[in-house]
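Keep the sequence and the model in view while reading.

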Amino acid sequence: MSLIDSTLLQSSREELKKYYWSKLGKGSDVTKDSKLKPFSEMTDYVYKAWKAGLDKKSETHYAGALLFDFILQCTGRRFTSDVVEANAITEIGRKMADHMWNQLDASNGDFSAYKSLVSETADSLLETKKVKK
Amino acid sequence: MKKNKKVVLATLPLAIIIILFVFTQFSVISIFPSVSAQDSEVRVIDVRAFQFGWEPEIIHIDTGEQVIFRIEGDKVVAHGFYIDGKDFYVYIPPLETVDVGPMVFDTPGKLKIRCSETCGPLHPFMVADIIIEPNFPYYTFLLSALAVGAVTVVYVQRGPKNKMLGVSLDKEVDLLRVRGIGPILKKALQWRGIHFALIWPNVVIFMIVLASGFFGNPTGNLNFSVGVVWILWLTAVEYMILFAGRTWCTLCPLPAFGEWIARRRIYGVHKLRKPFSLDKKFPKSLNNMWGSALGFLGISLVVPWLVTRPWVSGLLFLALIILGVVFTLVYTRRYFCRVICPANSYIGYHANASFYAVRSVDKSTCDKHIEKECMRGGPKGYACPWVTPYPGGLTESTWCGQCYECVKSCPLDNMSVKYRMIGKDIANMAVLAKRRFGMAWVGFIRFNLGIFYELVFFGSFWALKDWGNMGIIFGVNLFNFGVLSPTTSAFQMWLVWAVIVAGVSLVAYPAVFFVFTSLAKMAAGAKNLSTKNDVFVPFSYALAPYGLFIWLAFTLNLILVNWAYPLSRFSDPMGWGWESSPIIPVEGLKASWNPLAPELLPYILMPIVLIGLALAINSTYNIAVKLFGDQRMAFRSTAVMAILHTGMALFFAWIIIG
């Protein structure tokens, strides 16, 4: 499985930093898990949707909306009035989900490979590991 | 000063009605002094009671004349003799003749003789007219209609911009942002369980409707399926449309069963499973108003059976539930509601004349938002089940079933509920709907049937009722539905009825409307527009408020006279004579038939119709301004259409008091 391309990774990192991580505050409460919760939930969903044989287009869109919904929840909000934020997050969510879906297609749903892809992507998002070029 | 003038002009129609009403009620006696009761001879009026009418149908009496009604009873069943506003009910046993009176009628006008003893299925509509001459109120009503028509035309001649009867159409209140109630309402609408919580009680009521329809008392007004549905529900829906748009569609249990099965969920958003449905694409050519409009008309052809025979009502609702489930299991979304449900046609059409609408807070925000969860569905809500192309850009309520999924799913909190003046969207939607003939015909069918029903059910013409009823005097439930087999001659008379109902609604009135539209276009001097393709359908949208107000008047008549029937049915749904029901054990709900202010009904109904008239004329003007882009042209065409609209108000006045 190949990792998300660096441009998408970079933009995803920036959007998450701008609209999510910066709102989590600074302190011991902000763990790696809390920073990655929306992403993890979204990737879980993508796997389940792929396994259920659902339609890629609608499910990847839904995954984008799901990422945004989890970010709203994790930042203690029900809504946002910022349409730019909504667009940015759902867009990166949809693109990441699209990539994950393609990888699942390619590996015929190899769960362990998918898990390592998700973990590597998460590390790259948090820049805890160098991005493979 | 200018503003004051406009306010005066806008309120003038109402003022005229009030002045004429007061004049009629208090001055007429002094103008036409009554004959002293002692001076006059007593006139004996022979009246024959039969199922379901009186002979003569119309009785003329002079103001102050002393009369005795000599009532010859029916051969088989007992009837009751009641006159609007008189404080008595006289029991008329079969084969007996009863004298009622002497009595004097002091106030000119029209009163109804009604049957006060349940005598069969059409009992609530067994009426005759007493016209107390000189029928001055009738002429007053005619003058009022002419005055309201004329004043509204004068008002639009002044060129009000984007206004309806003096009220700005730009102003609206966002109900979800009103201090106090707004946040509570918003929370309720965004709660996923709200739909289920609202529908569930109606599912229970629906089961009672089906059970009573098939197994309850065969006489309509003694049965829950008829008393509650065709008196209480029918009235409630019309008033819901005016004040709360398509709220009935929010509450309706008909599509719920199919939707719950297809979604595999009662109220949550269930992703990760394909819908339990074939998820077929609905044929585009059928995705319009014609299906439900013709369904509504089809039901109207058998309406005397439907609203008086429990079995027929039960059968209709069972069929609708089955169709609702089947349609949802084939097409997933609410195509049953969109194209089959007969109520959808009129609820959707008239919702455009409602104070209430689901709209976006700021359309530009919706436009900018890429994901559009309202269309695709999101974690908090399904994609619009009504297949509204773009809920964020809604400018009409026709296809919005008020399920509030968009309010739930929008992460930008940009969908809301607006309260605004009647007719805010009519002009805009009308000019875009140049070839939506289905919508135009919904308007024609509804408008005509509202007037026709007033004539049939509350008019004294017994033959009209009998034709529609196919001459059958029996009530019907599952066990005796065979008695509905008509004789050949009765069926032939029903065909006459069907031709009248369908012919007037589908052909005659639309033809007259077309002629007036054509004249209006000529008067406007809009040579570059085609009557058929550009003007006819848009102008028909003025019937959205007018038709709604006609129905508000008709159903108010229905409930004010017959309120006791549905109320009693809550304590005895099956009509089996239970002292109290195990479902709602409230003995106090057993009410005796006792019409509310029946002698004042014309004075209550006519102002409602006149408001509808003023709204229709003003709507025509607003549509014409958008269509022609010129105020003078718009005024000239409106003046022509106002003649037709006023003519229909005059006709309504004739029915209720002429």
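Helices here are DSSP runs of H or I with at least four residues, strands are runs of E with at least two, and both are numbered from the N terminus. The model is predicted, so that local features need pLDDT of at least 70 and side-chain atom pairs count only at pLDDT 80 or more, while totals for chains, interfaces and linings use all residues. Residues are numbered from 1 along each chain as its sequence is written, and chains are lettered from A and ligands numbered from 1 in the order in which they are written.

Chain B contains 24 helices and 14 strands. One of the helices, α10(B), covers residues 310-331. From first to last C-alpha it reaches 31 Å, close to the 32 Å expected at 1.5 Å a residue. Just after α10(B), T332(B) has a positive phi of about 70°.

A residue is buried if 20 or more other C-beta atoms, placed from the backbone, lie within 10 Å of its own. Among the buried residues of α10(B) are W311(B), F327(B) and Y331(B). The buried residues of this helix pack against α4, α5, α7, α9 and α11 of chain B; contact means C-beta atoms, placed from the backbone, within 7 Å.

For chain B as a whole, 52% of the 658 residues are buried. Its C-alpha atoms fill a box of roughly 85 × 65 × 50 Å along the principal axes.

Conventions. A residue is buried if 20 or more other C-beta atoms lie within 10 Å of its own, exposed if 12 or fewer, and partly exposed in between; C-beta atoms are placed from the backbone. The expected span of a helix is 1.5 Å times one less than its number of residues. Two residues are in contact if their C-beta atoms, placed from the backbone, lie within 7 Å.
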